[in-house]
Amino acid sequence: MRAAFPDFRLGNVLATSFTGTLSERYGNAVERIPVPQRLIDWLAVNGLAVDSCTTAQLELARELRESIHAAATAAALQDALPASAVQVINDCSAQGRAAAILTPEGERRWRLSSASCVEDALSVVAADAISIIAGERDGKLALCASPTCRAAFFDTSQSRTRKWCDMNTCGNRQKKARFNANRRKNSRSAD
């Protein structure tokens, strides 16, 4: 029987979805790519299918993930980008062989090299991170308002005032906590 793994938290932006493979960073952290096969699964779900993944490639992916998170957090806070994070992102972007292709439906997909490897897929993730951190896309980097999460996300809402990385998890959790606190407060007032 295969061990159960936490579901992926998928978003519309590849780079910030990738940073979401580690959630609740400031609470009870949830690692969503604990083994090489889960990285293969995440890449496949995101249109970047690879044939295999080694432990070293998984470690490289995690290093890229943490570098993207650090750089995106700094960008959201309008701080200087950490030099070490920038270096990892640039190195990963440069070492892959991937090409953007247009599907007959008019959508962009990625074609990895014929010997699809993790480094090719990570180069696409790194390139996506570069485009959002550099401000090339319409939207704004922000940090989740949940104190246990603080995930970086790319806000494309019209007002650019979104608070939560994911309304179905962090947003609902905060709403529920606020509701329960108000209910406790009201029950004490009635006594």
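Helices (H or I, at least four residues) and strands (E, at least two) are DSSP runs, numbered from the N terminus. The views below come from a predicted model, in which local features need pLDDT of at least 70 and side-chain atom pairs count only at pLDDT 80 or more, while totals for chains, interfaces and linings use all residues. Residues are numbered from 1 along each chain as its sequence is written, and side-chain values use heavy atoms, with hydrogens and water left out.

**View 1. Arg65 in helix H3.** Arg65 is found in helix H3 and is buried, with a relative accessible area of 3% (buried means under 20% relative accessible area, exposed over 50%, and partly exposed in between, with a 1.4 Å probe and protein chains only). When neighbours within four places in sequence are left aside, Arg65 is in contact with Phe18, Thr19, Thr21, Leu22, Arg25, Glu31 and Ile33, where contact means heavy atoms within 4.5 Å.

**View 2. Packing of helix H3 with helix H5.** Helix H3 (residues 55-76) and helix H5 (residues 118-133) pack at an angle of about 0°, their axes lying 11 Å apart; axes are lines fitted to C-alpha atoms, for helices over the stretch in contact, and angles run from 0 to 180 degrees between N-to-C directions. H3 and H5 are therefore roughly parallel to each other (angles under 35 degrees count as roughly parallel, over 145 as roughly antiparallel, 65 to 115 as roughly perpendicular and the rest as oblique). On the H3 side the contact is made by Gln57, Leu60, Ala61, Leu64, Ile68, Ala71, Ala72 and Ala75, and on the H5 side by Val118, Glu119, Leu122, Val125, Ala126, Ala129 and Ile133.

**View 3. Packing of helix H4 with helix H5.** Helix H4 (residues 83-95) packs with H5 at an angle of about 130°, with the two axes 7 Å apart, and H4 and H5 are therefore oblique to each other. Ile89, Asn90, Cys92, Ser93 and Gln95 in H4 meet Glu119, Ser123, Ala126, Ala127, Ile130 and Ile133 in H5.

**View 4. The aromatic pair of Phe18 and Trp42.** A search of the whole structure finds one aromatic pair, defined by rings of Phe, Tyr and Trp (its six-membered ring) with centres within 6.5 Å, planes under 30 degrees apart counting as stacked, over 60 as edge-to-face and the rest as tilted. Phe18 and Trp42 form this tilted pair, at 5.0 Å centre to centre and with 50° between the planes. Phe18 lies in helix H1 (residues 14-19) and Trp42 in helix H2 (residues 36-45), so the pair ties together parts that are 24 residues apart in sequence. Both Phe18 and Trp42 are buried.

**View 5. Thr16 in helix H1.** Thr16 lies in helix H1 and is buried, with a relative accessible area of 11%. Apart from its neighbours within four places in sequence, Thr16 is in contact with Ile132, Leu141, Ala152, Phe153 and Phe154.

**View 6. Glu24 and Gly27 in the loop between E1 and E2.** Gly27 is found in the loop between strand E1 (22-23) and strand E2 (30-31), and is partly exposed, with a relative accessible area of 37%. Gly27 and Thr148 are 121 residues apart in sequence and 4.6 Å apart in space, C-alpha to C-alpha. Glu24, found in the loop between E1 and E2, is buried, with a relative accessible area of 11%, and has a positive phi of about 55° although it is not a glycine. Most residues other than glycine have a negative phi.
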